[in-house]
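Have a look at the picture, then read on.

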Amino acid sequence: MKQKQSMSAVALMKDVYVKLLPSVKSELSYWRKKATHIPNTELRKQALLSLEYKKFHCHGGGIYAFLAGSQFKEAIRFIVAYQTISDYLDNLCDRSTSLDPRDFEQLHQSMLDVFTGEKTANYYTYREDQDDGGYLLSLVQACQEIVERLEIPSMLHKHLLQLNTQYRMLQIHKHVKHEERLPRLLQWYEQENHNPDLLWQEFAAASGSTLGIFCLISYCLQEEQTDAQFEHIFSAYYPYIQGLHILLDYVIDQEEDAREGDLNFCAMYESDEVLLERLLLFIETSLENVRKLPDSAFHRLIVKGLVGLYLSDDKTGTLRNGAEIKKACLQRVGGAGKIFYWNTKLYYALSKGR
């Protein structure tokens, strides 16, 4: 993608509908067909559920494929496969009777193997359900095939491994026994966080997003960036854009997580006022940080689109602090954010009617 300082939200949404969604749908159909042949009943069930109910993650992440230029299809293939691993493993960990951190680490070794080129013998070592017919390994290999064709600079490879490691450690810590989750997360924060401006839940949130990986891989496919530009991209996405992404996700899930007894990062703030203050800070910092990036107008729309996309969810209407958060955040992202907000609402309203 060439620099487009005048890019509009309307133009981007048009590209999403015309080019992105059909490509993502095609890739998801391929993996859905694979998932239907998983021999183990439970693994098959969770694979199919993740593809059905979390496919919007691939729709959202797929937007970074526009940065890959003529390699758009390759970027889509990587993003859908990698995100499908993430969503499948999330289902396995959330719906699992296992609370063994060794199990969660072994499962998520698959995501690390994408970048190391390794092929772990059995990702299901520590769980009862075993036979997925090669489904998870096929997802890993689809990603590896693309990564292996890239000449990834050593500095960029270091950043990709860091983002992957942060993601994996979060999944391990947040899925163990309930009474162990907060102590483990706090200890991890004390040991690994190097940004004094981040609260522990914000460090954790920034670790839970795949957006930085999708952005960096797409740019690497384009083969037009320098080491300095890759460094700017990494610094803009981690921790602030990634943190904003996951905090918004947790905002809309506050009531659901309270009912289920799940740890919610946004519920960890001392008050609704502090939560809103921190959300606005993440929006402001993200918008400021993208100014120095290549395709800065595109990344600015991504930040605004995240706000519009998540706050368009009907669940915000039932939150105690939902109306105030929606009003303040949408006001901050202006007209572009509101276009994403109303467009997303319309899209899902039409989708439900089909």
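## Around leucine 263

Leucine 263 is in contact with Arg181, Leu185, Tyr250, Asp257 and Met268, once neighbours within four places in sequence are set aside. Contact here means that heavy atoms lie within 4.5 Å. You'll find leucine 263 in the loop between α12 and α13, with α13 covering residues 272–289. Threonine 36 is 227 residues away from leucine 263 along the chain, and their C-alpha atoms are separated by 32 Å.

Alanine 258 sits in helix α12. With 62% relative accessibility, alanine 258 counts as exposed; the labels work like this: buried is under 20% relative accessible area, exposed is over 50%, and partly exposed is in between, using a 1.4 Å probe and protein chains only.

## Where the model comes from

This is a predicted model, in which local features need pLDDT of at least 70 and side-chain atom pairs count only at pLDDT 80 or more, while totals for chains, interfaces and linings use all residues. Residues are numbered from 1 along each chain as its sequence is written, and side-chain values use heavy atoms, leaving out hydrogens and water.

## The whole chain

What is the protein chain built from? It has 15 helices and zero strands; these are DSSP runs numbered from the N terminus, with helices being H or I of at least four residues and strands being E of at least two. The radius of gyration is 19 Å, close to the 20 Å that the globule rule gives for 354 residues, so the chain is as compact as a globular protein of that length. That radius is taken over C-alpha atoms, and the rule is 2.2 Å times the number of residues to the power 0.38.

Along the principal axes, the C-alpha atoms fill a box of roughly 50 × 45 × 45 Å. Buried residues make up 57% of the 354 in the chain. Among contacts with a separation of 6 or more, 75% come from residues 24 or more positions apart.

## Salt bridges

Side chains of opposite charge can pair when their charged atoms come close. A search of the whole structure turns up 13 salt bridges, each being a side-chain nitrogen of Lys or Arg within 4 Å of a carboxyl oxygen of Asp or Glu.

One of them joins glutamate 256 and lysine 315, at 3.6 Å from N to O. Glutamate 256 lies in helix α12 (residues 254–260) and lysine 315 in the loop between α14 (296–311) and α15 (322–352), so this pair ties together parts that are 59 residues apart in sequence. Both are partly exposed: glutamate 256 has a relative accessible area of 35%, and lysine 315 has 29%.

Lysine 345 forms a salt bridge with aspartate 314, where the closest N and O atoms are 3.2 Å apart. Lysine 345 is in helix α15 and aspartate 314 in the loop between α14 and α15, so the pair links parts 31 residues apart in sequence. Lysine 345 is partly exposed at 24% relative accessibility, whereas aspartate 314 is exposed at 53%. Shared partners also join Asp253, Glu256 and Lys315 into one salt-bridge network.
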